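Colleague: I have not worked with this structure before, and I would like to learn how to read its features one at a time. Could we go through them together, with the general idea before each case?

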Amino acid sequence: SHFSNLLPEIYRYSIQKGNVFIEMKYYNFPNMRKIILDNINEKFYLKKRWSYLFDNLIEHLYVDKFSKKAPDDFVEKTHFKKLKKRLADTLNLAPFLKEVVSRNNLIINDKKYLNIGVIMPKLQTNEAIIKKLTPSKVYYSHGDLHCNNLLCGIRSDSMILLDCRGKSPYGDLFFDISYDVAKLYHDLRSLYTLIEKHYYSIFLSVNVDSVSIEYEFNHKELFLRIEQSRKIVEGLIKKKFKGFKLLGYRAEFTEAMLYLTMVPFHLKTKSEGLMCYITGIIRLNEWIEKYHPELL
């Protein structure tokens, strides 16, 4: 298909046990993150790039012939099971987060949020929510569609998508396409780049009756550049992905889950693990406020 033009050229590879490698063509292109942070392209050109990407995904990848019905235990296996395991890993690797994770509420920037131990039981027992979080179909998708994995050539229709995620939790290539959208939100709405580069200040205070966290991003210029791309991407997704029901609902939930499940991989710097965790909690509370205020 035409979609293969967006994938890197592979020269040699091996998936033999003990000898796994991949050799691919070198592309001297900046990735989308660099383009955004270094302000390389004007807004209209960024929009052209994003449009090109989404049009290709919708025309060539998210199509019926590369789809199948989502399994019945999709939400359990994709979200709940993974979260349970990763939270256990987090507490194992970072005892300092025990106080944060175990409280019923967290005060973040003077606002009260429900914590994970309160939210998850409400979601796991709610048939209607589980049904809405289950896509009608799963499709071939990229599976790790964030700005670092998008290499951009000089022309707006020159793009290489790197590092497709291998297998889904079911061992196949089918994902909910809202996962791809969530990966972009994870970057552009939840500011993964600024977290990873430690462009924030954060203060944690643990008291007998409350845990409060204050934080702020401290690189305003980069914040505004990312914000510009967020607006472009959100606008295009609303417009172009109309055919996929409840996409925003599932993508916003997945965005929260991505942060809550990635904490164990971000503990080299304590504050970074904490930033990931509270970002997940904030996003999850926003999702509940927006779609299920009755749970509050």
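Colleague: Let us start with Glu 23: is Glu 23 buried, partly exposed or exposed?

Modeller: Bear in mind that this is a predicted model. A residue counts as buried under 20% relative accessible area and as exposed over 50%, with partly exposed in between. Glu 23 has a relative accessible area of 34%, so it is partly exposed. Arg 12, with a relative accessible area of 47%, is therefore partly exposed as well.

Colleague: What do Arg 12 and Glu 23 form with each other?

Modeller: Side chains of opposite charge can pair when their charged atoms come close. Here Arg 12 and Glu 23 form a salt bridge, in which the closest N and O atoms are 3.0 Å apart. Because Arg 12 belongs to strand S1 (residues 10–16) and Glu 23 to strand S2 (residues 19–24), this pair ties together parts that are 11 residues apart in sequence.

Colleague: How many salt bridges does the structure hold?

Modeller: The structure holds 22 salt bridges. Another one of them joins the side chains of Arg 189 and Glu 255, at 2.7 Å from N to O. Arg 189 sits in the loop between helix H7 (177–188) and helix H8 (192–196), whereas Glu 255 lies in helix H10, so the parts tied together by this pair are 66 residues apart in sequence. Glu 255 has a relative accessible area of 0% and is therefore buried.

Colleague: And how far apart are the N and O in the salt bridge of Lys 290 and Glu 252?

Modeller: In that salt bridge, N and O are 3.2 Å apart. Lys 290 is in helix H11 and Glu 252 in helix H10, so the two ends of the pair belong to parts that are 38 residues apart in sequence. Lys 290 counts as exposed because its relative accessibility is 52%, while Glu 252, at 10%, counts as buried. Bridges can also share partners, and in this way Arg 189, Glu 227, Arg 230, Glu 234, Glu 255, Arg 283 and Glu 286 are joined into one network.

Colleague: Turning to the rings, how many aromatic pairs are found in the whole structure?

Modeller: The search finds 17 aromatic pairs. For each pair one reads the distance between ring centres and the angle between planes, where under 30 degrees counts as stacked, over 60 as edge-to-face and the rest as tilted. In the pair of Tyr 249 and Trp 287, the centres are 5.0 Å apart and the planes stand at 50 degrees, so the pair is tilted. Tyr 249 lies in helix H10 (residues 247–261) and Trp 287 in helix H11 (residues 270–291), so this pair ties together parts that are 38 residues apart in sequence. Both Tyr 249 and Trp 287 are buried.

Colleague: Why is the pair of Tyr 249 and Tyr 291 edge-to-face?

Modeller: The planes of Tyr 249 and Tyr 291 are at 80 degrees, with ring centres 5.0 Å apart, so that pair is edge-to-face. Tyr 249 in helix H10 and Tyr 291 in helix H11 are 42 residues apart, and their pair links distant parts of the chain. Tyr 291 counts as partly exposed because its relative accessibility is 25%.

Colleague: Which residues form the positive surface patch?

Modeller: The patch is formed by Lys 43, Lys 47, Lys 231, Lys 239 and Lys 242. Helix H2 (43–61) and helix H9 (220–240) are the elements that give two or more residues to it.

Notes. Residues numbered from 1 in each chain as written. Predicted model: local features only at pLDDT ≥ 70, side-chain atom pairs only at ≥ 80, totals over all residues. Heavy atoms only, no water. Patch = residues over 30% accessible without salt bridge, like charges linked within 9 Å, V, L, I, M, F, W, Y side chains within 5 Å. Areas by Shrake-Rupley, 256 points an atom, 1.4 Å probe, with all protein chains shown as cover. Salt bridge = Lys/Arg side-chain N within 4 Å of Asp/Glu carboxyl O. Lys, Arg positive; Asp, Glu negative; His and termini not counted. Charge placed at Lys NZ, Arg CZ, Asp CG, Glu CD. Helix = DSSP H or I, 4+ residues; strand = E, 2+ residues; numbered from the N terminus. Phe/Tyr/Trp six-rings, centres within 6.5 Å; stacked < 30°, edge-to-face > 60°. Buried < 20%, exposed > 50% of the residue type's maximum accessible area, 1.4 Å probe, protein only.
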